[in-house]
Amino acid sequence: MLSDFLYSLKEVEFFFNLFGYISFRSGLSLVTSFFIIIILMPHWIRYQKSIFPSGQPIRNDGPDTHYHKKGTPTLGGVLILFSIILSSVLWTSNFSSFNYILILTLTLFGLIGFVDDFQKVKLGKGISSKTKFLSQLLATIIIYLTVRYNGYDLNKFSIPFLKDVSIELGYLYFVLILLIVVGSTNATNLTDGLDGLVSMPLIFVFLTFAIFAYVLGNINFSEYLLVNYMKGSGEIVIFCTAAIGSLLGFLWFNSSPASIFMGDTGSQSLGASLAVTSILLKQEIVLAVAGGLFVMETISVMLQVTYFKITNGKRLFLMAPLHHHYEKKGISEQKIVIRFWILSFLFCLLALSLLKIR
């Protein structure tokens, strides 16, 4: 861990004392992951085009405007994960167990997404829904056991509006964790359907949790805002800012017209890591609020499927998820993306207000 080595030099030069501050290291984490993406992504795009010239397969039942995207490389998530992991390892102090668990989450769900993406570009079809769910279930069990092994409380569900109020769930908490992790994973994946659509909302939500982690990990701020102090949780800020930096770099290439897609490798792993972040910080309700856009997209799919079944083939939306409905209505892709970014920003502002509502 580079930050610990540099901090150890503080007796030699006062400047190195800066590496003891989370705020300084979080900035380094963001910048490091951003430039890793900016420097390596052009080479990664060219390499993918050389080995997978067919690129991303396009759904036949999707909007007509998507056909021109055929052949776009789809393994951008691989580089996103690499940059987040490397930046987190470099700038996390004493390599906090919080970030160890988040990197484990990122890796496990990234592997599931990578297999799915690889099969899509190689065979034209990803893994089955059943296989994907069972893989996500196994990954969640591994994460649950790891969190328990590290001594984190997984029995109580905290109420963010009230100080020191929680619901005792015992081992039923695992069911809640499964719903949160798998739900967040697939909700993020569903939202990743237009150029740049999912990147900025993910940035907003990671920034929201970076603020929560910093406050909860600072005894003075936590006392002032009447939130439960969590020793060491401030190191989660480093992981969050690494994710923000990598997503900003990725958006550089993914903005319309996209040069590369995130794929399930990125969307699944980032969605899962957000879920585990909320669990580690005991802020599960905050995830539902800050990730309101992802919730909207998921609900639109659930409503579409339910309505289709009970009406014998009628559709509630022109197409689901919700962003495709507006595409079918003739609204431009760029306008939909910007409007959804605005909605996500507002959801995150609402989530941040929970810090003060007690």
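**Reading a predicted helical model**

Me: Which residues touch the most other members of the largest nonpolar core?

Reply: In soluble globular proteins, nonpolar side chains tend to be buried together. In this predicted model, the largest nonpolar core has 83 residues, and Leu202, Phe206, Leu270 and Leu280 touch the most other members. Helix α7 (residues 199-216) supplies the largest share of this core, 12 residues.

Me: How many residues of α7 are buried?

Reply: Of its 18 residues, 15 are buried, and α7 is mostly covered.

Me: What is Phe206 in contact with?

Reply: Beyond its neighbours within four places in sequence, Phe206 contacts Phe239, Cys240, Ala243, Ile244, Leu247, Leu270, Ser273 and Leu274.

Me: Which residues are buried in α5?

Reply: An α-helix has 3.6 residues a turn, so residues three or four places apart point the same way. In α5 the buried residues are Lys132, Gln136, Ala139, Thr140, Ile143, Tyr144, Thr146 and Val147. They cover an arc of only 165 degrees around the axis, which puts them on the same side of α5. What covers them includes α4 (97-123), α6 (173-191) and α10 (263-280).

Me: Which exposed residues does the face of α5 turned away from its buried side carry?

Reply: That face carries Lys130, Leu138, Leu145 and Tyr149. Just after α5 comes Gly151, with a positive phi of about 85 degrees.

Me: Is Asn99 buried or exposed?

Reply: Asn99 is buried, at a relative accessible area of 0%. This residue belongs to helix α4. Its side chain makes a polar contact of 2.9 Å with that of Thr92. Leaving out residues up to four places away in sequence, Asn99 touches Thr92, Glu235, Ile236, Ile238 and Phe239.

Me: How many aromatic pairs does the structure hold?

Reply: A pair of aromatic rings is described by the distance of the centres and the angle of the planes. The structure holds 15 aromatic pairs. One of them, Trp44 with Tyr47, is stacked, at 5.9 Å centre to centre and 20 degrees between the planes. These two residues are 3 apart in helix α2 (residues 22-51), which means about one helical turn separates them. Tyr47 is partly exposed, with a relative accessible area of 45%. For Tyr214 and Phe221 the centres are 5.9 Å apart and the planes are at 50 degrees, so that pair is tilted. Tyr214 is partly exposed at 32% relative accessibility, and Phe221 is partly exposed at 39%.

Me: Which residues do ring pairs link into a cluster?

Reply: The cluster consists of Phe15, Phe16, Phe19, Phe24 and Trp91.

Me: Where is the backbone worth a second look?

Reply: Most residues other than glycine have a negative phi, and most peptide bonds are trans. The bond from Ser256 to Pro257 is cis, with omega near -5 degrees, and Pro257 sits in the loop between α9 (236-254) and α10. Ala320 and Pro321 are also joined by a cis peptide bond, with omega about 0 degrees. Pro321 is in the loop between α12 (292-310) and α13 (322-328).

Me: What phi does Lys282 have?

Reply: Lys282 has a positive phi of about 60 degrees although it is not a glycine. It lies in the loop between α10 and α11 (284-290) and is buried, at 13% relative accessible area. Asn312, likewise not a glycine, has a positive phi of about 55 degrees. Asn312 is located in the loop between α12 and α13 and is exposed, at 75% relative accessibility.

Methods: Residues are numbered from 1 along each chain as its sequence is written. This is a predicted model: local features need pLDDT of at least 70, side-chain atom pairs count only at pLDDT 80 or more; totals for chains, interfaces and linings use all residues. Side-chain values use heavy atoms; hydrogens and water are left out. Buried means under 20% relative accessible area, exposed over 50%, partly exposed in between (1.4 Å probe, protein chains only). Helices (H or I, at least four residues) and strands (E, at least two) are DSSP runs, numbered from the N terminus. The arc is that of the directions from the helix axis to the C-beta atoms. Contact means heavy atoms within 4.5 Å. A polar contact is a pair of N or O atoms within 3.5 Å; within protein, one must be able to donate a hydrogen and the other to accept it, and residues adjacent in sequence count only if both atoms are side-chain atoms. A nonpolar core is a set of buried Ala, Val, Leu, Ile, Met, Phe, Trp, Tyr and Cys residues joined through side-chain atoms within 4.5 Å. Rings of Phe, Tyr and Trp (its six-membered ring) pair if their centres lie within 6.5 Å; planes under 30 degrees apart count as stacked, over 60 as edge-to-face and the rest as tilted.
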